[in-house]
There are 2 protein chains.
Amino acid sequence: MSALDVLKNKAFELDRHDELAHLRERFYMPHGKVYLDGNSLGLLPRGMTEGLARLMNNEWGDDLISSWNKHAWIDMPEHLGERLAPLLGAAPGQVLCSDSTSVNIFKLLATALALRPDRRIILIESNDFPTDRYMAEGLAQLLGSQRCEVREVPGDRLIHSMSSEVAVVLLSEVNYRTGRRHDKRLINASAHQAGVLTCWDVAHAAGAMPVDFDATGVDFAVGCGYKFLNGGPGAPAFLYVAKRHQNQVSQPLAGWLGHQTPFEFEASYRAASGVLRYQTGTPSVLAMRALDIALDCFDGVSLIQLREKSLTLSAFFIDALKMHPAFKTVRLITPEQDTHRGSQVAVCHPAGYAIAQDLIERGIVVDFRAPDIIRFGFAPMYNTFSDVLAALNALAESLSKETYLAPRFQVRAKVT
Amino acid sequence: MSALDVLKNKAFELDRHDELAHLRERFYMPHGKVYLDGNSLGLLPRGMTEGLARLMNNEWGDDLISSWNKHAWIDMPEHLGERLAPLLGAAPGQVLCSDSTSVNIFKLLATALALRPDRRIILIESNDFPTDRYMAEGLAQLLGSQRCEVREVPGDRLIHSMSSEVAVVLLSEVNYRTGRRHDKRLINASAHQAGVLTCWDVAHAAGAMPVDFDATGVDFAVGCGYKFLNGGPGAPAFLYVAKRHQNQVSQPLAGWLGHQTPFEFEASYRAASGVLRYQTGTPSVLAMRALDIALDCFDGVSLIQLREKSLTLSAFFIDALKMHPAFKTVRLITPEQDTHRGSQVAVCHPAGYAIAQDLIERGIVVDFRAPDIIRFGFAPMYNTFSDVLAALNALAESLSKETYLAPRFQVRAKVT
């Protein structure tokens, strides 16, 4: 039996015993594609089109302005926060759905600085997702260098860099390129020992694994709704503020929906209680409802089971990469140890861009990150072991092409 | 012929000669209602449900991540800005669709302060829409009182309050309660003479009348997509930055989509050129597309004609209020002079809340603003003179009730 036949049998067996296999039916599958980019944009959940048509026809079209009460539009940011809370390991009253991840980072970093008035450093990790850094820098520039400065260190230096100057550390749980996963409990403990607050970006973790905000001691967190949460392109983001940090300071983007009584149109701002004060302007009801419908996909789903499947999917892929000579020219940059791995696998190859394009043409939807990284995202809600097998076969064929000309890296517009 | 018969004939004649009457067919009309709240939430445009279903099924569902290029999702903020520009009297390259009005106010006020480093006052108008003030105060609080302070003056004192301390004046063109319209040209000229920048909120003007940003010398502006632009509940907002103020300073909410090359994921932030640097995080594609579809309603529509119809609608209402004894107990607070009036009429009555509720029960959808204001919004795209007549009849009947008990103002959640 050939090596590929062994893999085929293994994939078949793994799919046959997959207790979560039925979840795939909750999504609309794209025609003729194996989709391994759910870490960029989740699939379209079934029922989405019908659900939004109902919203448009019955609520917007017929009930119009009265829908803010009648259909509880006004409560959507809070309602979605409470629906997300169990997926994030958060007790009620700490999660809010609002704005974009970027805007939410700004609110939380400003909060952290206000809670640490005698500290001026925002610590960030090198090679983390750019918008996190940009937002921190934008805040620092606005406040001036006497009040705030962004300091960057490599990931393995983070816990050694928690000093009494550091107000807050901003970092991603799962790195968007390598798929490396941080130990939140360890980093939170190190931070707290030095009086440093933590702000976690769980964009590449939420919905694919437990993130245990409360249990691991997270202070603040943000995340996005359009990756493993399947809320649609540019879905609303969320933020988390631990109970112990609520109601102490104001946040700077204090728009009218964060007022205690927005509809009394008071001249003076009185911040709403708890996490609700992190609301700013009027949110898109269409976008919020889409995320609400998408969260139905998680009904009855165990995050622990999802995480197990995710790790089995990526381990199957990694094991094959390591064992088969067909893959000897790619370099794995994702940690092999389960606890250190998110829900994606990344490999490097000098012709990475051309190979990613070739895989896409073969119907395997992956993505590319400059300069040479190919990302394979494994969404445990809908990816199968046969999907992984198809990716391996396509990658082997692609790599077997005689040679890739030195690729010109014409990076295409693509949202992670 | 009774007084009401005269009005009936007049409404009939005005509708018969209304050259814009056919525009009403571009919208879905709610069952059994006369909708006079388009200044809060515009009607559902026809084709919206089908258009968004196509987006969901064909673009999100089938083409998935490739849609960012294939269906130009990534260009939506710019594309919508350019579609809005002619409706705002703006030459290309100055309007961007993004975030909420509140978030955009923050970006622009910070920009104005950066352009006037030696001035610390943000001037605002008393009784303007609360979120504008709240956002200004949030920025001032973040920057500290040495750098920034919010100063409030009544509307008629604005042009006398432009001093060398004032960096920027933030004000609404049309007041959300009274419907009073400011003379932008006059205020811009007074401001500029004192070196003051202007930031206009045209939420209650855009889509109902020409706002002539370029011609009247506006420096900055924001506005919302869900009122007279009919983009749906919580539709994306827009911002305007006059060419002469572009590329000089950064804005503080500098997220990855405002980077010159966001998809190269560079460690250092290089702001995009022009108005594009005012982008922050990933926008909701659903919400953006909804606004795009809504803007089709403006195809071939003259803003001058829209404005004429709007003024004729409100003048018909005001004239009737003044002439008929049935209305003698209400007090008109909207300016009678055409140039000073937006696209709504507001009246006061001690039992305003109860009357507004009674009108709604009679099928006339208006809204109430504490303590005693009833707002009648006239959307020239779809309201008829028969709508105005129906409102007058219902108001007369409502006022003829023997007495209103002193109303308890249980202000309902309602988004203006």
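Predicted model: local features only at pLDDT ≥ 70, side-chain atom pairs only at ≥ 80, totals over all residues.
Me: How many residue pairs are in polar contact across the interface of chain A and chain B?

Reply: Residues are numbered from 1 along each chain as its sequence is written, while chains are lettered from A and ligands numbered from 1 in the order in which they are written. A polar contact is a pair of N or O atoms within 3.5 Å; within protein, one must be able to donate a hydrogen and the other to accept it, and residues adjacent in sequence count only if both atoms are side-chain atoms. With both residues at pLDDT 80 or more, the rule finds 21 such residue pairs across this interface.

Me: Which element gives the most to the side of chain A that touches chain B?

Reply: The elements that give two or more residues to that side are α2 (48-63), α3 (67-70), α5 (101-115), α6 (130-143) and α9 (285-295) of chain A. Helices (H or I, at least four residues) and strands (E, at least two) are DSSP runs numbered from the N terminus. With 11 residues, the element that gives the most is α6(A).

Me: How many nonpolar residues has the side of chain A that touches chain B?

Reply: Here Ala, Val, Leu, Ile, Met, Phe, Trp, Tyr, Cys and Pro count as nonpolar, Asp, Glu, Lys and Arg as charged, and the others, Gly among them, as polar. That side has 25 polar and 12 charged residues, and its nonpolar count is 47.

Me: Which residue forms a salt bridge with Lys33(A)?

Reply: A salt bridge is a side-chain nitrogen of Lys or Arg within 4 Å of a carboxyl oxygen of Asp or Glu. The rule finds 1 across the interface of chain A and chain B. Its closest N and O atoms are 4.0 Å apart, and the partner of Lys33(A) is Asp63(B).

Me: What rotation superposes chain A on chain B?

Reply: Copies are superposed by least squares on the C-alpha atoms of residues with pLDDT of at least 70 in both. The shift along the axis is 0.0 Å and the RMSD 0.0 Å, with a rotation of 180°. That is the relation of a two-fold axis.

Me: Where is Pro371(A) found?

Reply: The peptide bond from Ala370(A) to Pro371(A) is cis, with omega near 5°. The bond from Ala370(B) to Pro371(B) is also cis, with omega near 5°. As for Pro371(A), look in the loop between β12 (367-369) and β13 (373-377) of chain A.

Notes. Heavy atoms only, no water.
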